[in-house]
Amino acid sequence: QVQLVESGGGLVQPGGSLRLSCAASGSILSINGMGWYRQAPGKQRELVALITSGGSTNYTDSLKGRFTISRDNAKNTVNLQMNSLKPEDTAVYFCNAFRTAGKYRFNYWGQGTQVTVSS
């Protein structure tokens with residue numbers, strides 16, 4: 001099992017920045033990648049960005065250039081730097097860790113952290 005704890009959400013004005021962090025514990029050696037998803041009210045959960053154990057990154061196209069994902073292997077954390085925030089970025093942000101076994105993917109989720117972009 002993998003446990004994930006997010007931090008760093010909050011209220012920010014449009015154009016501002018926030019940095020989310022997610023600390024992983026448990027069976028972390030089994031993790032193939034980590035990332036962030038978000039879910040706005042009335043919408044489906046969507047991928048924000050992910051980073052594999054090898055360091056490859058993947059972003060939702062609409063967020064490229066504003067959001068940056070990084071990981072600190074020594075601290076078993078993954079971070080999401082969010083710049084130039086817009087009201088439409090308001091959502092609950094969930095940390096995700098996954099491991100793959102053949103064609104299967106096993107997901108682990110944090111409890112979510114609220115990000116609100118509003119003046």
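Strand β4 (residues 33-39) is mostly covered, with 6 of its 7 residues buried (buried: under 20% relative accessible area; exposed: over 50%; partly exposed: in between; 1.4 Å probe, protein chains only). Strands here are DSSP runs of E with at least two residues, numbered from the N terminus. The model is predicted, so local features need pLDDT of at least 70 and side-chain atom pairs count only at pLDDT 80 or more, while totals for chains, interfaces and linings use all residues. Residues are numbered from 1 along each chain as its sequence is written, and side-chain values use heavy atoms, with hydrogens and water left out.

Pairing requires at least two DSSP bridges between two strands. Strand β5 (residues 46-52) runs antiparallel to β4, and 6 bridges join the two. Within this pairing, Met34 has Ile51 of β5 as its bridge partner. The two strands form a hairpin, with 6 residues between them. In the turn, Gly42 has a positive phi of about 75 degrees. The pairing of β4 with strand β9 (residues 91-101) is also antiparallel and spans 7 bridges. Here Gln39 stands opposite Val92 of β9. In a regular strand, side chains alternate between the two faces of the sheet.

A disulfide is taken as a pair of cysteine sulfur atoms within 2.5 Å. By this rule the count is 1. Cys22 is joined to Cys95, with an S to S distance of 2.0 Å. The link is left-handed, at -85 degrees about the S-S bond. It connects distant parts of the chain: Cys22 lies in strand β3 (residues 18-26) and Cys95 in strand β9, 73 residues apart. Cys22 counts as buried because its relative accessibility is 0%. Cys95 is likewise buried, with a relative accessible area of 0%.

Thr113 is placed in strand β11 (residues 113-117). At 12% relative accessibility, Thr113 is therefore buried. Its side chain reaches the backbone nitrogen of Gly9 at 3.4 Å. Polar contacts are pairs of N or O atoms within 3.5 Å; within protein, one atom must be able to donate a hydrogen and the other to accept it, and residues adjacent in sequence count only if both atoms are side-chain atoms. Leaving aside residues up to four places away in sequence, Thr113 touches Glu6, Gly9, Leu20, Ala91, Val92 and Tyr93 (contact: heavy atoms within 4.5 Å).

Note on methods: Helices (H or I, at least four residues) and strands (E, at least two) are DSSP runs, numbered from the N terminus.
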